[in-house]
Amino acid sequence: MNKTTSRTDPRILRTRQLLRNAVIELLEEMDIEKISVNRIAERAKINRVTFYLHYRDLPDMLEKMADDMVEDIHQVVNNHSELADKEDWPLLENLLKHIEENARFYKVILTSRQITIFTDRLFKLLSEMIAERLERKQGDPGDSSANIQREIAIWYGSAALIGTIVAWLRKDMPYTPSYLARQITLLPSQ
């Protein structure tokens with residue numbers, strides 16, 4: 001996931017990317033409890049002190065990585081917000097393309113039962129997006145969710161989407177983002 005800002009020194013961005021990559025590699029190999037700042041620094045080929053220039057500790061790093069994930073997804077969604085008033089599948093397709101492009105990251109952070117911060121943040125973000133969608137659909141004559149409690153529809157939609165994404169990642173993405181997005185939107189909407 002490439003996060004670039006014109007205000008941030010490229011060396012800082014490079015170091016943070018090295019640290020993120022190191023954490024992802026280590027999470028592929030071992031449980032989070034076994035990951036130390038020393039191991040992260042060794043894997044990233046940086047000095048341990050450099051780690052502390054960027055993060056307080058591993059939980060702080062994971063928190064910031066989750067913030068970056070949400071920001072990246074917001075960018076993907078907002079860059080294609082003109083699609084929001086049309087069919088839902090192009091928006092979902094762009095989200096799935098983003099996940100596919102960063103599959104290694106998402107596979108590690110979403111399929112690990114040890115790290116819930118990423119799934120929790122994604123659930124919150126998808127809940128907000130589904131709530132907005134329900135607001136737009138409210139009052140539509142063909143709205144089949146009129147008799148469904150709004151909160152339950154949001155929970156269900158968010159959990160189902162995350163579950164589908166996780167299963168897709170675990171199966172090494174056997175379907176293209178376009179195909180999966182179209183299939184998801186063909187399911188009965190909530």
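Here is a short chat about the helices of this predicted model.

Student: What makes up the secondary structure of the protein chain?

Tutor: The chain comes to 9 helices and 0 strands. Read along the sequence, that gives the pattern α-α-α-α-α-α-α-α-α.

Student: How do you know what span is expected for helix 1?

Tutor: The rule is 1.5 Å times one less than the number of residues. Helix 1, residues 10-29, has 20 residues, and the expected span is 28 Å. From first C-alpha to last, helix 1 reaches 29 Å, close to that value.

Student: Why are some residues of helix 1 called buried, and which ones are they?

Tutor: A residue is called buried because its relative accessible area is under 20%. In helix 1 that label goes to Thr15, Leu19, Arg20, Ala22, Val23, Ile24, Leu26 and Leu27. Their cover includes helix 2 (37-44), helix 3 (48-54), helix 4 (58-78) and helix 6 (103-111). Across the protein chain, buried residues make up 43% of the 190 residues.

Student: Which residues meet where helix 6 and helix 8 touch?

Tutor: Ala103, Tyr106, Lys107, Leu110 and Thr111 of helix 6 meet Ile165, Val166, Leu169 and Arg170 of helix 8.

Student: How many of those are nonpolar, polar or charged?

Tutor: The contact divides into 6 nonpolar, 1 polar and 2 charged. Lys107 and Arg170 are in the contact, and Lys and Arg count as charged.

Methods
Residues numbered from 1 in each chain as written. Predicted model: local features only at pLDDT ≥ 70, side-chain atom pairs only at ≥ 80, totals over all residues. Heavy atoms only, no water. Helix = DSSP H or I, 4+ residues; strand = E, 2+ residues; numbered from the N terminus. Buried < 20%, exposed > 50% of the residue type's maximum accessible area, 1.4 Å probe, protein only. Contact = heavy atoms within 4.5 Å.
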